Amino acid sequence: MHTGHNPKLRFGMTMHEARDSSFEPALANGPPLPAVNYGLVGKQAPSLLPTRSGQLPKASAVVMTWADAEWAALEHVFCAGGSPMPYSERSRGEWAGWEKYTAHLPSDRPSGWSFWGNYRTVQVSGETVLLFKSNTHLDWPGATFLTALIKLMIANVNPSVILSIGTAGGAKPQDHIGTVRAVSAGTLYETGQSQSSWPEYKNGWKANDAILGNANFKQLLFPAPMKESDLQALCSHFNQQYRTNYTLAQLDPNGLNLGDPAPQIDDQTGGGASLLTTSTFVVGTTAGTYQNYTSIEMDDAVIGEACAGSNTAFGFVRNVSDPVQNAALPAKVQGNWGSAVYDACGLYTSYNGALAAWAMLAA
């Protein structure tokens, strides 16, 4: 029985495999996330606001994220950027000051799912922003519940825009780990149907790039710290775990798991670019099957559909936590390697995505 969401399900794992703690890849000496010098771009740090329990507050924007590594990065950028965050915090499952949202839970909810998510409020450039770590996903408890959550947010928070941020699989063969792509459209993958018939949900929301374009903004970014030696160690541990004998060149085509010296932030909001949302195992590969999309993730098109029904603006800021896979490898190997890279580096790629989302709102 399905007992909860786990981001590793995106890699085609069973729930048992996703919860297996015998193989938890990590960097041997993962550096902390740096303190954020917001003043470099002429801005102040977000300020914490009192967060009332039991009900969602009014806010000008909602920023949603999904997995623990993403939540840690969100906490760091929006709540506690004044000091470094240790790498070990990437799997932390709770943070002080956040409240659980349990109001209006459907009576037909599945066993084991008892709250929508966690939330807290902050102020960014004079505007109230609701931060939300979702416990409600397309894969579990399902699209109906995710749609209901978004409608509750629209009705109670009345935001001008809802942003979904977090990790994603690469879709474009040239994107290195840590690339951030922002769009205002999501396409829903439908098994057995041609790509041309997949439904797309888009809107005209365009981010303000004033801070992203600031000459000092790149100094705030943190390149994925994975080195060649880290990847070689990860390759060895991977082969030991799965009793395989792959070379790093096979697992890491074109060196995509080494980050760019300066992470690429590509704002394609307001245009025709779309990401791909799927509830099943779909991986971008070097064959370029899904290269017309910006990334592959598991929730956003459903958010777009729910927002479109009320004319609420939406945007998706996704970081490539696991680049495209070697098309020559078996699908299971692709998924397992993507999961290993995600575990090791998801905190760092999520930091740059959260920072990009902050910059869009702060501008």
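**Exercise 1. Helix H5 against helix H8**

Task: In this predicted model, find which residues of H5 meet which residues of H8, and describe how the two helices cross.

Solution. 
- Step 1: List the contact. From H5 come Leu 231, Leu 234, Cys 235, Phe 238 and Tyr 242. They meet Val 333, Asn 336, Trp 337, Ala 340 and Val 341 of H8.
- Step 2: Sort by class. Nine residues of this contact are nonpolar, one is polar and none is charged.
- Step 3: Two packed helices are described by the angle between their axes and the distance between the axes.
- Step 4: Apply them. The axes of H5 (residues 228–242) and H8 come within 11 Å and cross at roughly 130°.
- Step 5: Name the arrangement. Angles over 145 degrees count as roughly antiparallel, and 65 to 115 as roughly perpendicular. H5 and H8 are therefore oblique to each other. Their crossing is right-handed.

**Exercise 2. Helix H2 against helix H8**

Task: Describe the crossing of H2 and H8, then sort the contact residues by class.

Solution. 
- Step 1: Read the geometry. The axes of H2 (residues 68–78) and H8 (residues 331–362) come within 8 Å and cross at roughly 45°.
- Step 2: Name the arrangement. H2 and H8 are therefore oblique to each other. H2 passes H8 in a right-handed crossing.
- Step 3: Find the residues. H2 contributes, among others, Ala 69, Leu 74, Val 77 and Phe 78. H8 contributes residues including Leu 347, Tyr 351, Leu 355 and Trp 358.
- Step 4: Sort them. The contact has 13 nonpolar residues, three polar and one charged.

**Exercise 3. The nonpolar cores**

Task: Which residues touch the most other members of the largest nonpolar core?

Solution. 
- Step 1: Name them. The core has 67 residues, and Phe 78, Leu 131, Phe 217, Leu 355 and Trp 358 touch the most other members.
- Step 2: Locate the main supplier. H8 gives the largest share of this core, 18 residues.
- Step 3: Zoom in on Phe 217. Leaving out residues up to four places away in sequence, Phe 217 touches Val 41, Ile 211, Leu 212, Ile 265, Leu 355, Ala 356 and Ala 359.
- Step 4: Look for another core. A second, separate core has 35 residues, including Trp 66, Leu 188, Ala 306 and Phe 314.

**Exercise 4. A loop residue**

Task: Is Thr 294 buried or exposed?

Solution. 
- Step 1: Thr 294 lies in the loop between strand E11 (275–277) and strand E12 (295–297).
- Step 2: Compare with the cut-off. Buried means under 20% relative accessible area. Thr 294 has 2% relative accessibility, so Thr 294 counts as buried.
- Step 3: Check the neighbours. Beyond four places in sequence, Thr 294 touches residues including Lys 172, Asp 175, Arg 181 and Gln 268.

Definitions and conventions:
Residues are numbered from 1 along each chain as its sequence is written. This is a predicted model: local features need pLDDT of at least 70, side-chain atom pairs count only at pLDDT 80 or more; totals for chains, interfaces and linings use all residues. Side-chain values use heavy atoms; hydrogens and water are left out. Axes are lines fitted to C-alpha atoms, for helices over the stretch in contact, and angles run from 0 to 180 degrees between N-to-C directions. Helices (H or I, at least four residues) and strands (E, at least two) are DSSP runs, numbered from the N terminus. Angles under 35 degrees count as roughly parallel, over 145 as roughly antiparallel, 65 to 115 as roughly perpendicular and the rest as oblique. A crossing is left-handed if the near helix is turned anticlockwise from the far one by less than a right angle, and right-handed if clockwise. Contact means heavy atoms within 4.5 Å. Ala, Val, Leu, Ile, Met, Phe, Trp, Tyr, Cys and Pro count as nonpolar, Asp, Glu, Lys and Arg as charged, and the others, Gly among them, as polar. A nonpolar core is a set of buried Ala, Val, Leu, Ile, Met, Phe, Trp, Tyr and Cys residues joined through side-chain atoms within 4.5 Å. Buried means under 20% relative accessible area, exposed over 50%, partly exposed in between (1.4 Å probe, protein chains only).
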